[in-house]
Amino acid sequence: MVEYRIDRRSGVATYLQIVQQTQQALRLGLLEPGDKLPTAREVVEATAINPNTVLKAYRELEREGLVEARRGLGTFVRKSLGSTLADSPLRGELLEWAGRARAAGLERDDVAALFTAVLDEQFTPERCAPEQDTTGRGTTVKATPAKNPTAKGDPA
């Protein structure tokens, strides 16, 4: 079962935090089709948020086709979002990297900002845009250097 953690200082709407955390649990394989989400009452008791906020998040997840509400039974996962990322060797490498960052004195928010910046750099449309392949072997992915998003005059 997923346990929601609400960060009231994040600037992200509470219901979206629930949606995002559920999506993350689906991607990591922590939730699988058939699993039951905590009831709205359980989430309210654990997080001290308004029950309508939980219901709004669950409706959004239902609209996305990820969960289904069964009257009188609860809300259940309909489909997963990813492969078994929790078992990926990359997870171990990332865990080691995060440990080194923490040992270097970085705070959680610093690590999150650094990681987000790298993700933004690596997954820009320019880096991921398909390029026409002239070898006859299919489409290739074009890897181009990302622009500096903090440069003056950049509309980012």
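A residue counts as buried under 20% relative accessible area, as exposed over 50%, and as partly exposed in between (1.4 Å probe, protein chains only). The model here is predicted, so local features need pLDDT of at least 70 and side-chain atom pairs count only at pLDDT 80 or more, while totals for chains, interfaces and linings use all residues. Residues are numbered from 1 along each chain as its sequence is written, and side-chain values use heavy atoms, with hydrogens and water left out.

On to the charged pairs. A search of the whole structure turns up 4 salt bridges (a side-chain nitrogen of Lys or Arg within 4 Å of a carboxyl oxygen of Asp or Glu). In one of them, E3 meets R5 at 3.9 Å, N to O; R5 is exposed too, at 59% relative accessible area. Another joins D7 to R9, with the closest N and O atoms 4.0 Å apart. D7 is partly exposed at 33%, whereas R9 is exposed at 76%. E60 and R63 also meet in a salt bridge, at 2.6 Å from N to O. Both sit in helix 3, 3 residues apart, or about one turn of the helix (helices are DSSP runs of H or I, at least four residues, numbered from the N terminus). R63 is exposed, at 61% relative accessibility.

Next come the aromatic rings. The whole structure holds 1 aromatic pair, where rings of Phe, Tyr and Trp (its six-membered ring) pair if their centres lie within 6.5 Å; planes under 30 degrees apart count as stacked, over 60 as edge-to-face and the rest as tilted. The partners are W97 and F115, in a tilted arrangement with 6.5 Å centre to centre and 45° between the planes. Because W97 belongs to helix 4 (residues 89-103) and F115 to helix 5 (residues 108-122), the pair ties together parts that are 18 residues apart in sequence. W97 is partly exposed at 25% relative accessibility, and F115 is partly exposed at 34%.

Just after helix 4, G105 takes a positive phi of about 95°. Most residues other than glycine have a negative phi. A48, though not a glycine, has a positive phi near 60°. A48 is found in the loop between helix 2 (40-47) and helix 3 (51-63), and is exposed at 63% relative accessibility.

Conventions:
Helix = DSSP H or I, 4+ residues; strand = E, 2+ residues; numbered from the N terminus.
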